[in-house]
Amino acid sequence: MRASQLHLPTLREPPKDAETISHQYLVRAGYIRRVSAGIYSFLPLGVRSMEKVKRIVRDEMDKAGAQEVFLPAMVPAELWQESGRWQKYGPELLRVKDRKNADYCIGPTHEEVIVDLVRKDVRSYKQLPVNLYQIQTKFRDEIRPRAGLMRGREFIMKDAYSFDADQAGAHKSYKRMYEAYNAIFSRLGLRFRPVEADTGNIGGSMSHEFQVLADSGEDAIVACDRCDFAANVEKAPLQDLGFAAIDPAIGAARAVETPGAKSIEQVCKVLGCKPEAMIKAVLYMADDLPAVAFVRGDREANEVKVKQALGATAVYLAEAEWFAKATGLPPGYLGPLLPVGYDAKKVRFVADFEIKALASAVCGANEKQQHLVDVVPARDLANLSYADLRMAVQGDACPRCQPQGTLQSFKGIEVGHVFYLGQKYSKAMSATFLDEQGKEQVFEMGCYGIGITRILSAAIEQNHDARGIRWPVSIAPWECAVLGLGGEAPITETAANLYRDLQSAGVETVLDDRDERPGIKFADADLIGYPVQVIVGKRAGEGIVEVKLRHSGDKLELPVAGLAGRLGRAVAAARNGAPLTAADLG
C-alpha cells in the first residue's frame, strides 16, 4: 500500500475526552473515530489490526476443537426470562421493543441464545462434547463509558460455549480453552497472567481472567513469587492462621472515652495505637438486612468475599443513618462485643481471619464516644463468626505453595475470561440430552470470552512511548514502512524497489511516497507504530539504508542487497509473538 493512497488522518493533538494513552494514540494515529459515548467507527488501520487479532483467535479456537457460528445481536426477551437474567441483569442490558411491542435486548453476551440452539439440535450423548464460538458485536449500556475501546458500550467479543455430558468432560473442555487462551495471548505478543477470578454476572463456580500487565490497568492482581498462583485481589484466598496465644498479662477489656473519634486515624491519634492493632467495622446491607464485616484497621474489606461469607445475593455499603435506625447501634463506635441484652438477630456479624491473629486489639464499644482496649480475640471473640474477608495485598502469604511464597502486586487489563458454568443456564432453560441409558440429563457448560477490541487498547497501554504506539508484529496493521526522504532519483528508485522486494518476501509494507517533510514521515511512522521502518536517505546511492525497529529502538545501517530476505525471515518469526530485535537481522 502506498501512503499517498491510504486513508491516514493522523492528528497532532489528542482529543479532549481521551484520558488514557491508548485512547489518545488510537485517535491520533487514525485507528478509530468517536460516534457517541462509548461507540466508535474503525478506520482502515483499526480494521487491519482488529482482523489480525481475530485471525489468531480463530486459529487457536479451531485448533482446540471449537466451531464457529454467528448468532443474532437482537435477542427475544423470553430467552432471557427463561434464564432469569431479564430481571437480574440491570440497566446495562439495553432493552428494546419491536413494532409489535415485543421485548428484545441487544445481546451483551449469548448464553441464552446458544443454549436454545443446542437444546434443539443436540439430543444424545453421542453428539457431545460440542464447543461453539462466535465473533460478534455486543452492547452493554455502561453508565460511564471511558478510555476509548477499554470500556465502551459497543464492542466486539469472541464468546465460546462448551457443552458436555458430565463434570469430568466439562473440566477437560475448560482446560482446553484455558490452554488455547494462553496460546492466543502469547501469539499476540502480550505480557499477561491468567488469574483466578470472581464469576460476576455470568455466574458459575470457577473462572480465570487473562490480564495484560500494564501500569495503567484498572484491575489489581496478586501473584506468588515462588509458584504459579495468581488471582484478582477480589478472589485471592487468604489463610486462617488461628488465634494468637492468650497473654495472661493482658487484663480484661475496658472502655475508654474517645470523644469525636470515629475514624481509624482519629482513634489512633487519641489512644496512641496503630491501625494494624485495631478492629475496623464496615457496614453493609446484605439482601436489605444490616450486617457488619470486621477487618484489621489497616485492611480493606472485600465485598465479593463478604457476600460469599454472608451467603447473600447482594451486599452494598450501608448509610450510617439507615444502619443506626435499623440496629440501634452507633456507627463510628461499633465493635464485635454486643451490649448485654442486645438482640443479636438485628444484625449479622462476621470477622476476617486476620482478627484472630491479634494478641490484643482496640475496637468500638457500641456506645457513643467510647472504644474498648485490651480486647483479646482468643479470649473475648472466640464465638464470633470468622471468614476470609479482606482484600489481598502485596506481602501477604501465598495461599497455595509450600515453602510459602509471598504475594506481589500488579496492575492488569482484563482481555479474556473463562468460566465453568456447570448447569446454571442449561438447567434453568431445560436443556437436556439422553445419556447411554436413555435417561434425560442436563448439559454441563463452560463459557469463554475474549475482548477483541479491548485487546487493541490493552496492547497499546503495554507497548508505547512518548512518540506513539510500539505494536507487536502480530497486531500491527502493517509490518514495515519504507520512508523515502527526498525526491532524488536514487532515493525514490531504491524506496520503490525495496517496497516491491519486501512485498515479494511476504512482508506487509507501506511505502510512504507522500510529498511531506522527513519530520512528518518520522512522526507518523512512530505514532502509527510500524514495527519496522526502512529509512531511505542520502546513502541510497551507496546501496545503504537505515533500519529502525520500533519496539526495541534499535537502528542499523544495512546494505540494500539481501535486505528484503533478511527482513522477511525476521518478521515471519516475530508473527507468533516473539519480540523483534537487531539480533534477528544478523
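Reply: An axis is here a line fitted to C-alpha atoms, for helices over the stretch in contact, and angles run from 0 to 180 degrees between N-to-C directions. The model is a predicted one, and what follows should be read with that in mind.

In this model the axes of helix 2 and helix 13 (residues 452–462) come within 9 Å and cross at roughly 110°. Because angles of 65 to 115 degrees count as roughly perpendicular, helix 2 is described as roughly perpendicular to helix 13. The crossing in which helix 2 passes helix 13 is right-handed. On the side of helix 2 the contact is made by Gly 46, Ser 49, Met 50, Val 53, Lys 54 and Val 57, and on the side of helix 13 by Ile 452, Thr 453, Ile 455 and Leu 456. Sorted by class, the residues of this contact are 6 nonpolar, 3 polar and 1 charged.

Helix 2 (residues 44–63) also holds Lys 52, which forms a salt bridge with Glu 508, the closest N and O atoms being 2.5 Å apart. Since Glu 508 lies in the loop between helix 14 (489–504) and strand 28 (509–512), the pair ties together parts that are 456 residues apart in sequence. Lys 52 is buried, with a relative accessible area of 7%, whereas Glu 508, at 24%, is partly exposed.

A search of the whole structure finds 45 salt bridges, and two further pairs can be described in the same terms. Arg 400 and Glu 196 meet through their side chains at 2.6 Å, N to O; Arg 400 sits in the loop between strand 20 (386–387) and strand 21 (407–422), while Glu 196 belongs to strand 9 (residues 192–196), so that distant parts of the chain, 204 residues apart, are linked.

Asp 374 and Arg 254 form another salt bridge, with their closest N and O atoms 3.5 Å apart. Asp 374 lies in strand 19 (residues 370–375) and Arg 254 in strand 13 (residues 254–257), and the pair therefore ties together parts 120 residues apart in sequence. Asp 374 is partly exposed, with a relative accessible area of 25%, and Arg 254 also counts as partly exposed, at 46%. Finally, salt bridges that share partners join Arg 296, Asp 298, Arg 299, Asp 352, Glu 354, Arg 390 and Asp 396 into one network.

Notes:
Residues are numbered from 1 along each chain as its sequence is written. This is a predicted model: local features need pLDDT of at least 70, side-chain atom pairs count only at pLDDT 80 or more; totals for chains, interfaces and linings use all residues. Side-chain values use heavy atoms; hydrogens and water are left out. A salt bridge is a side-chain nitrogen of Lys or Arg within 4 Å of a carboxyl oxygen of Asp or Glu. Helices (H or I, at least four residues) and strands (E, at least two) are DSSP runs, numbered from the N terminus. Buried means under 20% relative accessible area, exposed over 50%, partly exposed in between (1.4 Å probe, protein chains only). Angles under 35 degrees count as roughly parallel, over 145 as roughly antiparallel, 65 to 115 as roughly perpendicular and the rest as oblique. A crossing is left-handed if the near helix is turned anticlockwise from the far one by less than a right angle, and right-handed if clockwise. Contact means heavy atoms within 4.5 Å. Ala, Val, Leu, Ile, Met, Phe, Trp, Tyr, Cys and Pro count as nonpolar, Asp, Glu, Lys and Arg as charged, and the others, Gly among them, as polar.
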